[in-house]
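Hello,

Here is the structure for you to look over. My notes follow below it.

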Amino acid sequence: MRLSRVYLDSPLALSAVISLPKEIAHYLSNVLRLRADDELLVFNSEQGEFLARVTSVAKRAVDIELFEKIRGAHDAAKQNALSIHLILGLSRGDRMDFAVQKSTELGVTEITPIYTEYGEVRLKADRIEKKLQHWQKIAISACEQSGRLDVPAIHKPLSVPELSLCEHAHKWMLEPSGSDALPQSIAEKNCVLLVGPEGGFSADEIDWARSNDFQIVALGSRILRTETAPVAALAILQHKYGDM
Ligand code: SAM
């Protein structure tokens, strides 16, 4: 049977005994029904991945002991040959959730939602922190499922002119009318991918991207939904330049 895999945002070390946070303890004991002596995997990007054994299960508490190191932190870097910052027009609830989940599975390094001219969603200031936590949870669960060690960073939403992207070697804006082509190969393995919301990018935003050194790239003759476009593009980028 496949072992449960759990992300722990706390220092991990061989022989450490850890009392799991309440939410994880509840999930493991009441949903997955783990019991004393059952094994599981725990991981984070700082210390890597460990085989652990449940040492005790009480009403709302589960303790585990880490007994074998499976992967080290350097394996996180090996897993991500390509560093990809996805900048995505903010869209309605479940579309954004889908995009966060699938792009995490496809190895995105950072995600920044953006407000655009034709985007319909605006988050009130007091909702932003909650939304970020919600997306972070989706990303964590995608890492747990996909065997990924590092959880992508999810930044607070910005408007297009607020984006500061000088550190990226390659910048691609996805736009159905685009005429630039992706290069055959890339030497510097870091890039940024800009994807529009349901309503697409405005002419001003496309001009902004051009003047900020973005290539304007079309993915084919069909218009993809805002949550499909990053999935298709990330699969292409991983295949051409990354780990597939
Ligand atoms: N009405 C919009 C238009 O015609 O541009 C459609 C926007 S589409 C639903 C949402 C976003 O997905 C676009 O802004 C673009 O970033 C990306 N996208 C969808 N289909 C694409 C394609 N064939 N080529 C490149 N990007 C695409």
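**The ligand and its pocket**

The ligand takes up the space of the second largest pocket. A pocket here is an open set of points on a 1 Å grid over the protein atoms alone, with protein on both sides within 12 Å along at least five of seven lines. A molecule sits in one if more than half of its atoms lie within 2 Å of its grid points.

Please note that this is a predicted model, where local features need pLDDT of at least 70, side-chain atom pairs count only at pLDDT 80 or more, and totals for chains, interfaces and linings use all residues. Residues are numbered from 1 along each chain as its sequence is written, and side-chain values use heavy atoms, leaving out hydrogens and water.

The ligand is surrounded by 19 residues (a heavy atom within 4 Å). Leu174, Gly196, Leu219, Arg222 and Leu224 are the closest. The shell holds eleven nonpolar, five polar and three charged residues (Ala, Val, Leu, Ile, Met, Phe, Trp, Tyr, Cys and Pro are nonpolar; Asp, Glu, Lys and Arg are charged; the others, Gly among them, are polar).

Now the polar contacts (pairs of N or O atoms within 3.5 Å). A backbone N or O atom of Leu174 is 2.6 Å from a ligand oxygen atom. For Arg222, a backbone N or O atom is 2.7 Å from a ligand nitrogen atom. For Gly220, the distance from a backbone N or O atom to a ligand nitrogen atom is 3.3 Å.

Best wishes

Terms used:
Polar contact = N/O pair within 3.5 Å; in protein donor to acceptor, adjacent residues only side chain to side chain. 1 Å grid on protein atoms, 1.4 Å probe; cavity = no way out; pocket = protein on both sides within 12 Å on 5 of 7 lines; lining within 4 Å.
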